[in-house]
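Okay, thanks for making time, everyone.

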Amino acid sequence: MTRARPPLVILLLSVVGFSTLYAPQPLLPVLAADFGRAPTEASLLITLAMLPLAVAPLVYGYLLVSVPARPMLAGSALLLGLCQIGLALADAWWLMLALRLLIGLCLPALFTALMTFVAATAAPERLRQALAWYIASTILGGFAGRALSGLMASLWDWRLALGIWAPALLAMGLWALRLPGSQESRFGRVTPRVFLAVMERPGAPQAYLAVFCIFFVFASVLNVLPFHLAQRDPGTGSAGIGFAYLGYLSGMLVSLNTERIRHWFHAEGPLYGLGLGLYALGIGLFALPGMGGTYLAMFAFCGGMFLIHTRLSGQINQMGGPYRGVVNGVYIASYYFGGSLGSWLAVAIYRALGWEPFLVVVILVLALAGYGLRGMLRLEAIQGMP
């Protein structure tokens with residue numbers, strides 16, 4: 001019997017999977033100091049885990065298309081758990097980087113299998129509700145990974161902060177083996193012909209430019225923030241840095257209420273304008289001194305980002321036509337390519353220019369995202385949607 005809420009193991013794995021992706025972020029200053037690495041090198045722990053998420057939608061359709069969702073879900077969760085144990089025990093920097101790259105290679109398989117089960121366990125008329133549950137769980141995971149890891153590192157050490165995710169991954173990997181059904185994994189094959197057909201659709205290149213820039217800005221600020229807070233106030237521990245991401249939870253409220261917010265507007269343009277305005281306001285508030293400004297900035301920053309992201313992902317789906325799977329794949333690739341590049345490049349910009357000039361740079365990239373959104377809406381209005 002289908003229902004709106006996905007099975008509990010699916011939601012929990014979504015939370016823990018995204019926690020695994022972001023758990024090292026508040027620990028970056030501590031890890032850089034312990035291993036004697038520059039901030040740009042430490043930021044590779046995030047970049048290397050994100051990069052496969054950018055590549056996976058383009059190539060995993062050729063590698064994993066015949067693997068059923070249930071063993072892929074269980075296998076990727078179990079391997080992630082072993083990788084987390086390895087991270088907690090690692091005493092060499094090259095091993096840390098190698099394990100984070102392996103984690104990045106496992107995460108696309110996990111996330112794709114999770115999405116397959118979300119779609120398979122929901123009635124068609126309840127699919128949007130099921131996806132809202134899934135998106136909320138991923139946002140909760142993004143916050144939990146940062147906040148709990150930061151707290152555990154402050155109370156004990158960073159090894160325990162990374163290792164605490166291993167038991168949950170291993171237990172839920174075994175639990176996932178009991179899921180019913182033999183659904184096929186939903187990887188789409190991106191051929192050059194189909195890719196060109198997708199990019200020829202009205203507004204598609206502009207939309208992908210926008211999503212690249214949007215997540216570039218998001219990953220840039222969130223990856224630089226731990227180094228900035230530690231430099232501004234050396235007494236700020238990992239827990240303080242982790243809970244600075246509390247505003248991330250505003251994304252849950254926005255994602256679950258996007259349709260309600262949409263009814264306040266008569267067109268998509270003003271809605272995107274609101275999202276960009278909140279996004280820019282958050283970036284400006286980050287320039288305020290003290291943790292109070294940081295907390296306030298994070299709520300506006302994350303609220304604006306997830307408002308744009310939620311609406312843009314839905315609008316790109318409408319561009320899909322017969323290529324919806326590939327359209328979504330290129331969207332995810334653009335999203336995480338922007339994030340992986342931003343998570344590394346931003347730290348170099350911050351070290352070279354400082355905090356306020358860095359914020360000016362990300363505002364300029366956000367303006368480029370606005371240019372892409374405007375071009376997308378204009379082309380859709382002129383040419384229509386086939």
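Predicted model: local features only at pLDDT ≥ 70, side-chain atom pairs only at ≥ 80, totals over all residues.

Residues are numbered from 1 along each chain as its sequence is written, and side-chain values use heavy atoms, with hydrogens and water left out.

So, what does the secondary structure come to? It's 18 helices and zero strands, where helices are DSSP runs of H or I with at least four residues, strands are E runs of at least two, and numbering starts at the N terminus. Of the 386 residues in the chain, 56% are buried. Buried here is under 20% relative accessible area, exposed is over 50%, and partly exposed is in between, with a 1.4 Å probe and protein chains only.

Contacts next, meaning heavy atoms within 4.5 Å. Take those between residues at least 6 apart in sequence: 86% of them join residues at least 24 apart.

On to the surface. The accessible area is Shrake-Rupley with a 1.4 Å probe, and for residues only the protein chains shown count as cover. The chain comes to about 15600 Å², with 68% of that belonging to carbon and sulfur atoms.

There's a nonpolar patch out there, made of L79, L82, I85, L89, L101, L102 and L105, with about 590 Å² of accessible area together. The patch rule wants over 30% relative accessible area and no salt bridge; nonpolar side chains (Val, Leu, Ile, Met, Phe, Trp, Tyr) are joined within 5 Å, and like charges within 9 Å. Both α5 (69-89) and α6 (93-120) supply at least two residues each, and α5 gives the most, with four.

How many salt bridges does the rule give? One, the rule being a side-chain nitrogen of Lys or Arg within 4 Å of a carboxyl oxygen of Asp or Glu. That's E41 with R37, at 3.3 Å, N to O. Both ends are partly exposed: E41 at 29% relative accessibility and R37 at 33%.

Now inside. A nonpolar core is a set of buried Ala, Val, Leu, Ile, Met, Phe, Trp, Tyr and Cys residues joined through side-chain atoms within 4.5 Å. The largest one has 122 residues, and L13, L73, M96, F218, F301, L312 and F358 touch the most other members. Helix α11 (residues 204-232) contributes the largest share, 18 residues. As for F301, leaving aside neighbours within four places in sequence, its contacts include V217, F218, V221 and L222, plus Y279 and F286.

Last, rings. The whole structure has 21 aromatic pairs: Phe, Tyr and Trp rings (six-membered for Trp) with centres within 6.5 Å, stacked when planes are under 30 degrees apart, edge-to-face over 60, tilted for the rest. F35 and W158 have centres 5.7 Å apart and planes at 55°, so they're tilted. F35 is in α2 (residues 28-35) and W158 in α8 (residues 158-163), so that pair ties together parts 123 residues apart in sequence. Both are buried.

Then F218 and F306: centres 5.7 Å apart, planes at 75°, so edge-to-face. F218 is in α11 and F306 in α16 (residues 290-319), so this pair ties together parts 88 residues apart in sequence. F218 is buried at 1% relative accessible area, and F306 is buried at 5%.
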